[in-house]
Structure formats: structure tokens, C-alpha cells
Amino acid sequence: MSVTPENLGDLSRRTLLRRAAAAGLLATPAMGLLSACAGSEPDKSDNGGGGAKSKDNPFGVKDGSAVKVVIFNGGLGDQWAKEDKVIFSAKHPNVTVNMSSTQKIKTEEQPKMATQPSDLVMNSGADMMDRSTLINEGAIEPLDDLLTAPAWDSEGTVADSLLPGTVGDGTQNGKFYVVNVAYTVWGNWYNAALFKKEGWQAPTTWDEFFALAPKIKAKGMAPYVHDAVHGYYPRWALMASIWKTAGKQVVVDIDNLKENAWKADGVLKALEPWEKLVKDKLLLPGKLDHTQSQQAWLDGKAAFIQVGTWLKNEMSATIPPGFELTLSDYWHNADDKAPKDVFAASGEGFVVPSKAPNKEAAKEFLRAILSKAGSAKFAELTKSLASTKGSGDNVQDSALSSANSLMKNGGSELISVKFQDFYADLDKESQNLSEELMAGRLTAQQFVDKMQAAADKVAKDSSIKKQTRTA
């Protein structure tokens, strides 16, 4: 979402849904993405660069060429991308934009990567291609030249126009590969209208939540609901809690596979309130997925739900009249190390395949997406922030305003987690264990022990390329 908000960090559900299909993503794992059709070259007869380069055409997009753009049509929809097509075509009327939308990114796009892929692909959703595999196989193009190109409709470079964390979220092995267009904020959502009616104060700490929970249950509601099908949903909340309680360095150590990082001071303490929430039967029963849990919350069956800022757009058709979607921060303990740090990241990442016939136009289309005009349309239509600065400045929406307020009052750091982008197997195991913890089948201590064992396995496997996070 993902976002910002949507990925304020990468983690856009869409950072978000990002890693859902982490393991076994390659259709032909033994051969890799590109070697499956070694030597096959795309037909570039009517595409590619060759146009005169200028500030308005920094990549030399050729008139008469065509660019194929694939959009992930998930919680954010695709209307915002259609607006970007209009913006792009106003500057490049002689370039044909062939745009399509799908939720089956890996299924539809991965088989093309070795031959003639689409030019620009929004790699998001549950059926997304694994980012590390794409990079390690050389299947996607480094986009550092996009960062240094002039911004579409503002002063400075494209990099200058982006919110904090966006460049880092798209960088791996020292190169920039993924353009996250959404900036997502995560936290606990509640209905402010209901809380005003009942005289409830939205909690900021775990103690306040556990004190409020009986009052909520007395009204026939569950205090909490979450997506119990996709493991990355609860993992967002668990990792945010670890950062808040144990501090940033512990999460950096976890990402870097440091020995016994999962057993550092504060990790277990961060997870114990989640264990208590489950043991005290404060969760709405049932194995609900993301939209089912969100609808249950809108129907008044639960008081809180944890999700990102794409929520309003995803559920816009079924939000009851008078329902005030309001985002609050994840709850913290009284003596946490980073209680005010907010979980926010850039997400909804675009990639340019290395064998794309028209990489020049793909990069130019990305400039249009990241423009002030494009990002303002994104915020207006999705009620979520774009990764371009100022995207939500003129959007009047209470849900987005609560996210902006959360960001404004947050700590000096943005919570970000990287291991799920670095290691597909560890990603999948963390999802599985997060589901088990929230289903009451694991204790917090067992979760920690199993995550440490999974991290140790990756660390000791010499065949896995190791990544290092410095900030």
C-alpha cells in the first residue's frame, strides 16, 4: 500500500502484500528467470530510445514508440494509473501507452521475463515476483539514472522529490531497482464516531488497551480483529512492536542475521502483549482474510483492526454512513525504547525488466507517476499518500488526516524491516510463525526460538547471498 503513507518505508502491503509468495516463486528455479531462454532478444524494431534528450525527455524517448505498462489492481485500484497515463501523454502525445491491470503479476509477467517482458511492471500483491530473485538473476534494470533525472514538474531531481525512506526501500546491493509509488502508514484503526458515542479514549499503551477491552466486550464486540490468512499482516504488527520495545538496532541486527538477534533484550517483551491478547480471547473468532476482517470491523464486530492506509480505498464501497476511520499508532509499553516511532514505508513497487523493449519510455512513465500532479491524483483517488512529497497536502479526508497527524507527531525514526525482502525462505517462515502465534498455537517464547532457528539456517547457508543493512 502501501504507504505511506503508503510505504513510508517499503513495506507497502502491497510492500504489502509484498512478500506473500516468498518461497517457490520461480517457475523454473533450476534455470532461473533469464537463462531459460538464453540468447533470446526482444524485437526492438519500433521501440526504444533514440529521441532527442532534453530536460523534458531525459531518457530520449522516441516518438512513434509504444510502452507497455502493467498495474497491480489491488486495494488501491488502478484509476490513479489511468490519470498518470493522461499526464504522460500530454507531454508525449506520439508515444502509445498500452496499459493493463491484473492481480496475477507473477503468473502473467514472470514467464515473459526471459523473452519479451512488459516495459514497466507494478510488482505487488499476493502473486508478486520475489524481489531478491529478480535482482540476483539480473532480471530487472537498475534505475539510478531515474533518481538523478529532473523531476517531472518541480525543481530538482526525482530523488529530491521523494519522501524519506523511498530510495532506501528500493535499493539493494548498492543499486536502486524498485520505485515504490505509495507511502503507507500502519497502525490500529478504530471508529472515532463509536468511541465518542461510548465515551472511550483510544489507547496509546498496551495497559490502556487491556483496561478498555472489557468495556468493549460488554458491548458485544471483540476488541480486536486481524487478517488470519495472510501471515504478513500480523507480522507487520509484531515487528513494529519489536522495534518500539527493543529499539531500532535490534531490528537492524535481525535484518543482518546477527547471532542471537531474535533473543536480544526487548524482543520477547514486545511479543508478550500479543500473546496475552490471544490468550484473553480478545480476538474476533474465525479465520478471516484481509477483506473479511476489514468488513467485520466495519460491521461493528470488532473495535480495532491493524492494517495500512490503503484501508479506506479498499473498503470504500461498504463503509457505513457516519463511520469515522481513524488511525492510531501501534500500542507500546511504558518503558519502550522507541515508543513514538511510526511504522511507515514506501510500497507498491514498479520494476523495469532488463529485457524490456522500451526501457526509456518505462523510466519516463515513472517520472510521470512521481510527478506532483500524478501524486496528488494518487492521494485524491486512493486516500493514501504517494511517495512524492506533498501528495496529500490538498486532500480533505479524515482517514488520511489521521495518518498525517500520526506521522507529524511520530518519533525521529521510521520503523522499517528488511529481512523479508532479503531472504524468501525467512520471509515465508516469519509469515507462518506469525499466523501460529496469533492463532494461539505458539507462545511468544516459542515464536522467538523458532524465528532464531530459521534465521540461523539462512545465516549458515553459504548458497544464499547475504544482504547487509546499515541504517
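These are my notebook entries on one protein chain.

**Entry 1: the whole chain**

I started by noting that the model is predicted. I then counted elements and found 18 helices and 12 strands. How much of the chain is buried? Buried residues make up 60% of the 471 residues. I also looked up the accessible surface, which comes to about 17700 Å². Carbon and sulfur atoms hold 49% of that surface.

**Entry 2: aromatic rings**

I searched the whole structure for aromatic pairs and got 31. I picked Tyr 190 and Phe 304. Their ring centres are 6.0 Å apart and their planes stand at 55 degrees, so I logged the pair as tilted. Where do the two residues lie? Tyr 190 is in strand β6 (residues 179–191), and Phe 304 is in strand β8 (residues 302–308). The pair therefore ties together parts that are 114 residues apart in sequence.

Next I checked burial. Tyr 190 has a relative accessible area of 13%, so I put it down as buried, the cut-off being under 20%. Phe 304 is at 0% and counts as buried.

I then looked for the wider group. Tyr 190 and Phe 304 belong to one aromatic cluster. Among the other members are Phe 195, Trp 200, Phe 210, Trp 274 and Trp 331.

**Entry 3: lysines over rings**

Phe 210 came up again here. Lys 276 lies over the face of Phe 210, at 4.9 Å from the ring centre. I noted another case at Trp 152. There Lys 91 lies over the ring face, 3.9 Å from the centre.

**Entry 4: Val 352**

I found Val 352 in the loop between β10 (342–351) and α13 (359–369). Is Val 352 buried or exposed? Its relative accessible area is 0%, so I recorded it as buried. I then asked which residues Val 352 touches, leaving out those up to four places away in sequence. I listed Asp 119, Leu 120, Ile 140, Glu 141, Leu 143, Lys 359, Ala 362 and Leu 366. I looked again at Leu 120. Leu 120 and Val 352 are 232 residues apart along the chain, yet their C-alpha atoms are separated by 4.9 Å.

**Entry 5: Asp 397**

My last stop was Asp 397, in the loop between β11 (385–386) and α15 (398–408). Asp 397 counts as buried, at 7% relative accessibility. What does its side chain reach? I found the backbone nitrogen of Ala 399 at 3.1 Å. The backbone nitrogen of Leu 400 lies 2.9 Å from a polar atom of the Asp 397 side chain. Leaving out residues up to four places away in sequence, Asp 397 touches Lys 312 and Lys 383.

Terms used
Residues are numbered from 1 along each chain as its sequence is written. This is a predicted model: local features need pLDDT of at least 70, side-chain atom pairs count only at pLDDT 80 or more; totals for chains, interfaces and linings use all residues. Side-chain values use heavy atoms; hydrogens and water are left out. Helices (H or I, at least four residues) and strands (E, at least two) are DSSP runs, numbered from the N terminus. Buried means under 20% relative accessible area, exposed over 50%, partly exposed in between (1.4 Å probe, protein chains only). Contact means heavy atoms within 4.5 Å. Accessible areas come from the Shrake-Rupley method with a 1.4 Å probe; for residues, only the protein chains shown count as cover. Rings of Phe, Tyr and Trp (its six-membered ring) pair if their centres lie within 6.5 Å; planes under 30 degrees apart count as stacked, over 60 as edge-to-face and the rest as tilted. A charge sits over a ring if NZ of Lys or CZ of Arg is within 6 Å of the ring centre and within 35 degrees of the ring normal. A polar contact is a pair of N or O atoms within 3.5 Å; within protein, one must be able to donate a hydrogen and the other to accept it, and residues adjacent in sequence count only if both atoms are side-chain atoms.
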